[in-house]
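The following dialogue shows how several features of a protein model may be read. Please keep the sequence and the structure in view throughout.

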Amino acid sequence: MKDQGRSPRKRTGGRRRPNHKKKKHELGNETTETQVGEQRLKVVDARGNTQKVRAVSTDVASVADGDETTEATIENVVENPSNPNYARRNIITKGAIVDTSEGQARVTSRPGQDGQVNAVLVE
């Protein structure tokens with residue numbers, strides 16, 4: 001996603017003229033829509049000489065049930081509150097409810113940002 005910057009109009013409706021061009025650090029990237037499937041990771045350069053690991057697709061989740069954490073396989077996405085089309089397309093984002101081998105779980109991590117799926121069992 002490219003950042004379009006500030007609105008060219010003020011709250012009052014008056015015009016606001018740009019005082020500088022877009023800088024490299026103000027540009028965004030396309031979102032990584034993590035799908036259910038064989039685990040594939042992508043390393044992306046981030047700001048400040050760091051790197052992010054993005055999950056392009058994954059089928060493994062760390063599911064927490066109280067104090068215990070177990071590795072579970074993800075079968076499909078049941079619902080995704082961020083976008084109803086994501087559930088149909090099996091895209092995992094934070095807050096998505098996924099069907100795992102341990103039961104239904106809600107995703108608490110951001111797989112497109114840190115490359116792993118952490119989840120909490122839903123009663």
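**Reading strands, patches and a salt bridge**

Q: Which residue of β5 does Asp65 stand opposite?

A: The model is predicted. In it, Asp65 stands opposite Glu68 of β5. The two strands concerned, β4 (60-65) and β5 (68-79), pair in the antiparallel sense over 6 bridges.

Q: Is Asp67 buried or exposed?

A: A residue is called exposed when its relative accessible area is over 50%. Asp67 has a relative accessible area of 82%, so it is exposed. Asp67 also belongs to a negative surface patch, together with Asp65, Glu68, Glu102 and Glu123.

Q: Which strand do 4 bridges join to β5?

A: In a regular strand, side chains alternate between the two faces of the sheet. The strand joined to β5 by 4 bridges is β7 (residues 97-100), and the two run antiparallel. Within this pairing, Thr100 in β7 is the bridge partner of Ile74.

Q: Is Val107 buried or exposed?

A: Buried means a relative accessible area under 20%. Val107 has a value of 1%, so it is buried. This residue lies in strand β8 (residues 103-107). The C-alpha atoms of Val107 and Gln51 are separated by 23 Å, and these residues are 56 apart along the chain.

Q: Which residues form a nonpolar patch on the surface?

A: Leu41, Val43 and Val53 form this patch, and their accessible area together is about 250 Å². Val43 is found in strand β2 (residues 40-46). Its relative accessibility is 52%, so Val43 counts as exposed.

Q: How many salt bridges does the structure hold, and which residue pairs with Arg89?

A: Side chains of opposite charge can pair when their charged atoms come close. The structure holds 1 salt bridge. Arg89 forms it with Glu33, and the closest N and O atoms are 2.8 Å apart. Arg89 lies in the loop between α1 (84-88) and β6 (91-92), and Glu33 in the segment before β1 (34-36), so the pair ties together parts that are 56 residues apart in sequence.

Q: What is the relative accessibility of Arg89, and what is the relative accessible area of Glu33?

A: Arg89 counts as partly exposed, at 44% relative accessibility. Glu33 is likewise partly exposed, with a relative accessible area of 29%.

How values were computed:
Residues numbered from 1 in each chain as written. Predicted model: local features only at pLDDT ≥ 70, side-chain atom pairs only at ≥ 80, totals over all residues. Heavy atoms only, no water. Patch = residues over 30% accessible without salt bridge, like charges linked within 9 Å, V, L, I, M, F, W, Y side chains within 5 Å. Areas by Shrake-Rupley, 256 points an atom, 1.4 Å probe, with all protein chains shown as cover. Salt bridge = Lys/Arg side-chain N within 4 Å of Asp/Glu carboxyl O. Lys, Arg positive; Asp, Glu negative; His and termini not counted. Charge placed at Lys NZ, Arg CZ, Asp CG, Glu CD. Buried < 20%, exposed > 50% of the residue type's maximum accessible area, 1.4 Å probe, protein only. Pairing = 2+ DSSP bridges.
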